[in-house]
Amino acid sequence: MTVNVPGRPTTPEPARPGGHRWPSEPPPDRRPGSTQRDQDPSPWEADRVRALSRSQVEDRLQELGDLYADTSGGKPWARERDRDAFLRGLACDVRRPGFALLIAETTVLTACAYGFAVDDHGAWWRGLSPHGQVPADLRRLAASGRLFAVSRIVVQPVVRTRHQGRDWNLARRLQRRLLADHDASAGVALVSRTDAETLKAMLAWGWRYVEGDAGDEPLPAAPWHVLILEP
C-alpha cells in the first residue's frame with residue numbers, strides 16, 4: 001500500500017444529441033494554477049495507525065519481517081538475509097525499556113516504525129562518539145527522560161519519495177506518533193553515512209543534523225549521521 005489512494009469515481013456526463021458532451025468543469029489537475037501535487041487526495045483515512053504491545057509484536061514477527069523484505073528494495077537474492085537481519089535487530093530492541101512499535105494497516109500491514117526511550121548512560125551511546133563529544137543537548141534530554149531513539153521507519157518506497165513534506169505522509173505520521181505517545185521532546189536517529197537514500201528521506205520528513213554533524217563537520221570517527229526530530 002502506498003500513500004496514494006484511488007480517486008472518487010466520476011459520473012459520466014450526459015451526451016447531447018449527436019454524441020457531443022455538455023461543457024463541464026475541467027478536471028482538478030487541469031484547472032489554472034493547480035498542480036497534481038496539490039490535487040492528489042489526502043490519504044488520512046487510508047492507513048490506520050496503532051500501537052502493538054510486546055506480545056503482539058512477537059506474534060507478528062514473521063509478518064513484520066515480510067513487510068521489511070517487501071519494502072526494502074534489496075536484491076532478490078539478499079531478501080532472506082536482509083529479512084533475518086531486520087528481525088534480529090527488532091528482537092534486540094523489543095527488550096529495551098521504553099520500547100514502542102507502531103503499525104499502519106488497511107486490510108493488510110502497510111508500514112511500521114519503532115524505537116525506545118533513551119537514558120543518558122545506556123548502551124545506545126556506546127561508540128557514538130569515541131572522543132566523548134556527544135552533544136550536550138542530547139545528554140540533557142536523555143537525562144530528563146524525554147529523548148526517544150527511532151530505530152526503524154519501514155514504509156513503501158513511494159512514501160520515501162512522494163509528498164514527503166505533507167503532514168499526512170505516512171512516515172511523518174508514524175514518527176510524530178511515536179514521539180507524542182511518549183511525551184518526548186525530541187527524537188534521535190542514527191543514519192549510516194553510506195545510506196544516502198535514507199538520509200535524504202529523513203531530512204525531507206523534518207529531521208535535521210545535530211550541531212556538529214552537518215555533513216562537512218562530522219562527529220569524530222563516527223560512521224553515521226546523528227539526526228534529531230522535534231515534534
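## Exercises on a predicted model

At 9% relative accessibility, E105 counts as buried. The model is a predicted one.

**Exercise 1.** Work out why E105 counts as buried, and find what surrounds E105.

*Solution.* 
- Step 1. Locate the residue: E105 lies in strand β2.
- Step 2. Apply the cut-off: buried means under 20% relative accessible area. E105 has 9% relative accessibility, so E105 counts as buried.
- Step 3. List the contacts, leaving aside neighbours within four places in sequence: E105 touches A46, D47, R48, R50, R60 and T110.
- Step 4. Look at the side chains: those of E105 and R50 are joined by a polar contact of 2.5 Å.

**Exercise 2.** Trace the order of the strands in the open sheet, and name the edge strands.

*Solution.* 
- Step 1. Read across the seven strands: the order is β1-β2-β3-β4-β5-β7-β6. The pairing is mixed.
- Step 2. Find the strands that pair on one side only: these edge strands are β1 (48-52) and β6 (208-209).

**Exercise 3.** Determine how β4 pairs with β3 and with β5, then how β5 pairs with β7.

*Solution.* 
- Step 1. Take β3 and β4: they run antiparallel, joined by six bridges. F116 stands opposite A149 in β4.
- Step 2. Take β4 and β5: the sense is parallel, over three bridges. Here L147 stands opposite A186 in β5.
- Step 3. Take β5 (residues 186-192) and β7 (residues 224-229): they pair in the antiparallel sense over six bridges. S192 faces W224 in β7.
- Step 4. Check the cover of β4: six of its eight residues are buried, so the strand is mostly covered.

**Exercise 4.** Describe the largest pocket: give its volume, its central residues and the elements that line it.

*Solution.* 
- Step 1. State the volume: about 990 Å³.
- Step 2. Go to the centre: of the 37 lining residues, S151, R152, L190, D195 and T198 are the closest to it.
- Step 3. Collect the elements that give two or more residues to the lining: α3, α4 (79-93), β3, β4, β5 and α8 (196-204).
- Step 4. Pick out the largest share: α4 supplies seven residues of the lining.

Technical notes: Residues are numbered from 1 along each chain as its sequence is written. This is a predicted model: local features need pLDDT of at least 70, side-chain atom pairs count only at pLDDT 80 or more; totals for chains, interfaces and linings use all residues. Side-chain values use heavy atoms; hydrogens and water are left out. Two strands pair if DSSP finds at least two bridges between them. Helices (H or I, at least four residues) and strands (E, at least two) are DSSP runs, numbered from the N terminus. Buried means under 20% relative accessible area, exposed over 50%, partly exposed in between (1.4 Å probe, protein chains only). A polar contact is a pair of N or O atoms within 3.5 Å; within protein, one must be able to donate a hydrogen and the other to accept it, and residues adjacent in sequence count only if both atoms are side-chain atoms. Contact means heavy atoms within 4.5 Å. On a 1 Å grid over the protein atoms alone, a cavity is a set of points where a 1.4 Å probe fits but cannot get out, and a pocket is an open set with protein on both sides within 12 Å along at least five of seven lines; lining residues have an atom within 4 Å of a point. Grid points are joined across faces, edges and corners, and a volume is the space filled by probe spheres set on the points.
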